[in-house]
Amino acid sequence: IHTTREEASVNPADIAWILAAVAMVLLMFPGLSFLYGGMLDGRNVLNMMMMVMASLAVTAIVYVVFVHGLVLGDSVGGLGIIGNPFEYGFFDSFMTDDAAGGTLFGAFYILFAAISVALVASGAAGRMRFGSWLVFAALWVVLVYGPLAHWVFAFDNEETGVIGGWMRNVLGLHDYAGGTAVHMNAGAAGLALALVLGRRKSTAMRPHNLPLMLVGVGLLMMGWIGFNGGTAAGANFLAEYVVLTTILASAGGMLGFIAIERIRDGHATLLGLGTGVIAGLVAITPVADAVHPVAAIVVGFLGAAGAAWAISWKRRHRVDDSMDVFAVHGISGIVGALFATLFATAAAPAGLNGVLFGGDPSLIWRESLAIAVTLVYSFGMTYAIAWTLNRIRPIRVADEGEELGLDRSIHAESAYEGRIL
């Protein structure tokens with residue numbers, strides 16, 4: 001969010017827009033449920049939907065206790081590593097109107113954290129115990145998301161003496177709406193979780209419901225308008241601009257992925273179209289405020305190209321990241337962030353020039369360092385969390401339960417009664 005509750009008052013129009021943005025971001029949870037569920041076989045669709053939706057519940061409860069302090073609290077020791085976890089404890093300070101929308105932004109930040117957790121479920125599809133997922137999600141929000149979000153989202157405030165995260169304030173990272181803390185973070189985490197769990201017994205099953213997948217893509221597109229537009233923190237020109245670039249990037253990603261499919265495989269697919277849309281949206285997230293509208297189309301196209309390459313890499317190396325969170329969110333996020341180092345234009349609201357437009361060449365290594373640290377920290381810490389939980393109690397379901405399908409073996413339900421999928 002490009003403001004803090006200490007910086008400025010929020011007028012009613014701004015509050016109305018952020019309320020609308022919160023509602024749109026909430027749609028991302030059923031949207032991701034439909035996307036992930038449709039891409040799986042029919043025996044595990046309900047389990048995946050429950051993992052995604054339960055991510056919101058677990059995150060909200062943990063976040064309200066002390067994670068908001070970890071993210072936005074005054075940096076402990078002034079080091080820029082982690083915020084004070086007690087600063088916003090139990091959201092006590094949000095029980096009165098501070099005239100700056102602090103309560104509303106608190107809700108918005110919960111959703112950012114929760115959707116990051118939900119994305120990681122890609123690495124656990126069809127083989128993780130549901131109870132283990134809930135414990136993993138709670139630990140991940142605290143140990144992985146909290147520190148990374150502080151590095152990226154917490155701004156210094158000279159007037160109040162608040163010290164923010166090191167990536168944003170010392171390194172000078174440009175990340176508009178969470179390309180690092182949300183998308184690259186979730187991508188690396190999903191890959192780590194998939195490696196700890198191991199491959200499914202059968203990975204040959206095709207997506208069981210592509211129309212359902214497309215419904216999910218549509219809801220995510222709408223949610224992304226709230227995600228990027230709401231980050232502008234008000235009904236202003238910045239919100240207008242990033243909504244425009246977000247739409248254009250989704251178009252570039254859509255056409256880019258199906259064009260690659262047509263050239264590579266001889267046919268374009270609906271699955272590829274949906275994948276391209278998400279890849280384009282991910283790629284624009286860190287640079288939505290920094291590129292020309294035409295460049296936004298190119299960002300989306302390149303994000304889709306990066307995702308297509310990474311999906312092929314995953315298949316060659318037999319990595320069972322079922323819904324390609326590493327490829328679509330990790331790699332596409334990297335593409336978007338690096339694009340800004342070269343092609344950002346100061347004419348855009350961010351006022352940032354890329355190297356090819358006369359910008360500071362150090363922007364390349366600064367953005368690259370932030371990307372590398374994000375990937376290494378997220379992958380390493382996630383692997384450690386999952387490995388430790390697995391040592392305490394196996395987090396993978398028994399072979400019989402996996403063969404039957406998690407919908408029946410864990411939840412005693414079926415999405416399609418009377419059908420064998």
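**Basis.** I note that the model is predicted, that local features need pLDDT of at least 70, that side-chain atom pairs count only at pLDDT 80 or more, and that totals for chains, interfaces and linings use all residues. Residues are numbered from 1 along each chain as its sequence is written, and side-chain values use heavy atoms, with hydrogens and water left out.

**Fold.** I found 15 helices and zero strands in the chain; these are DSSP runs numbered from the N terminus, helices being H or I with at least four residues and strands E with at least two. The radius of gyration is 20 Å, close to the 22 Å from the globule rule for 421 residues, so the chain is as compact as a globular protein of that length. The radius is taken over C-alpha atoms, and the rule is 2.2 Å times the number of residues to the power 0.38. Along the principal axes, the C-alpha atoms fill a box of roughly 60 × 50 × 40 Å.

Of the contacts (heavy atoms within 4.5 Å) with a separation of 6 or more, 77% join residues 24 or more positions apart.

**S378.** I located S378 in helix α13, residues 362-392. S378 has a relative accessible area of 0% and is therefore buried. Leaving aside neighbours within four places in sequence, I found S378 in contact with V144, L148, N185, A188 and A189.

Definitions and conventions. Buried means under 20% relative accessible area, exposed over 50%, partly exposed in between (1.4 Å probe, protein chains only).
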